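Have the sequence and the structure open while reading.

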Amino acid sequence: MEFLVGSVWAAGLAIGIAAFGCGIGQGLGLNGAMAGISRNPEAAGKIQVNMLIGLALIESLCIYALVVAMILLFVHPAIAPAVKALGGH
Amino acid sequence: MQDLQKIVDFITRSNWLILLLGGMIGLVMTPMKFALGIILGGLIVAVNFHLLKGTLKKMCHPDTVSEKGRSIVGNVLVKYYIRFAISGFLIFLLISKHIVHPVGLLAGLSVVVASVFLATALELKKIFFKEAV
């Protein structure tokens, strides 16, 4: 029972913190990029390319956290026995 | 600028190549669920990358920036959360219904990261090679 509660807590915290952090990271990156483009419109192409790579990497981190949360909730080997013990299926 | 554009083109192409290669290796050498995880995970992130590219191309145009200002940040973030929610739902279905092996899915989701690392390694190689000459 404690394990199940711990897993649910961990999964919720994992995705919550990851989405929060990634949102802040993307916002900061975009904010800097927008400021750069408005100051120097000719550099828009360069900024855009670098930002694309950076944002793709940040998004990947969040997706990894999501998968880890899903694994904790649905495919962890100890989840099925714990749910069965609680009378679920 | 052209060099940078080349890097993005390389990453876009290598995404599909790595997905194809990983999928084929998975199909030959690993169980079906694992291979399916690599293929579906790779597809999710490759399509995500394309959508992100489209959004940024549209939003980072100097005319759009001067016209819309800081609201672009919110706009891009909203699109990010929508994409993330859809990817999340797909990953939820894949894992909760036990359609794919989670480790295979993680490998598939790493396609874009692998492409970026590959591009970085090739650029570093170019720099070191130039310095040596």
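Two residues count as being in contact if their C-beta atoms, placed from the backbone, lie within 7 Å. The model is predicted. By that rule, the contact takes 33 residues from chain A and 37 residues from chain B.

**Chain A side of the contact**
- On the side of chain A that touches chain B, α1 and α2 of chain A each supply at least two residues.
- The largest share of that side, 23 residues, comes from α2(A).
- By class, the side of chain A that touches chain B has 23 nonpolar, 8 polar and 2 charged residues.

**The largest nonpolar core**
- The largest nonpolar core has 53 residues, and Leu66(A), Ala69(A) and Cys60(B) touch the most other members.
- From chain A, α1 (2-39) and α2 (44-75) each supply at least two residues of this core.
- From chain B, α1 (2-29), α2 (32-59), α4 (71-96), α5 (102-109) and α6 (111-132) each supply at least two residues of this core as well.
- The largest share of the core, 15 residues, comes from α2(A).
- In soluble globular proteins, nonpolar side chains tend to be buried together.

**Around Cys60(B)**
- Leaving out residues up to four places away in sequence, Cys60(B) touches Ala33(A), Ile37(A), Ala44(A), Ile47(A) and Gln48(A) in chain A, and Val65(B) in chain B.

**Helix α5(B)**
- α5(B) is mostly covered, with 6 of its 8 residues buried.
- Those buried residues are Pro102(B), Gly104(B), Leu105(B), Ala107(B), Gly108(B) and Leu109(B).

Definitions and conventions. Residues are numbered from 1 along each chain as its sequence is written. Chains are lettered from A and ligands numbered from 1 in the order in which they are written. This is a predicted model: local features need pLDDT of at least 70, side-chain atom pairs count only at pLDDT 80 or more; totals for chains, interfaces and linings use all residues. A nonpolar core is a set of buried Ala, Val, Leu, Ile, Met, Phe, Trp, Tyr and Cys residues joined through C-beta atoms within 7 Å. A residue is buried if 20 or more other C-beta atoms lie within 10 Å of its own, exposed if 12 or fewer, and partly exposed in between; C-beta atoms are placed from the backbone. Helices (H or I, at least four residues) and strands (E, at least two) are DSSP runs, numbered from the N terminus. Ala, Val, Leu, Ile, Met, Phe, Trp, Tyr, Cys and Pro count as nonpolar, Asp, Glu, Lys and Arg as charged, and the others, Gly among them, as polar.
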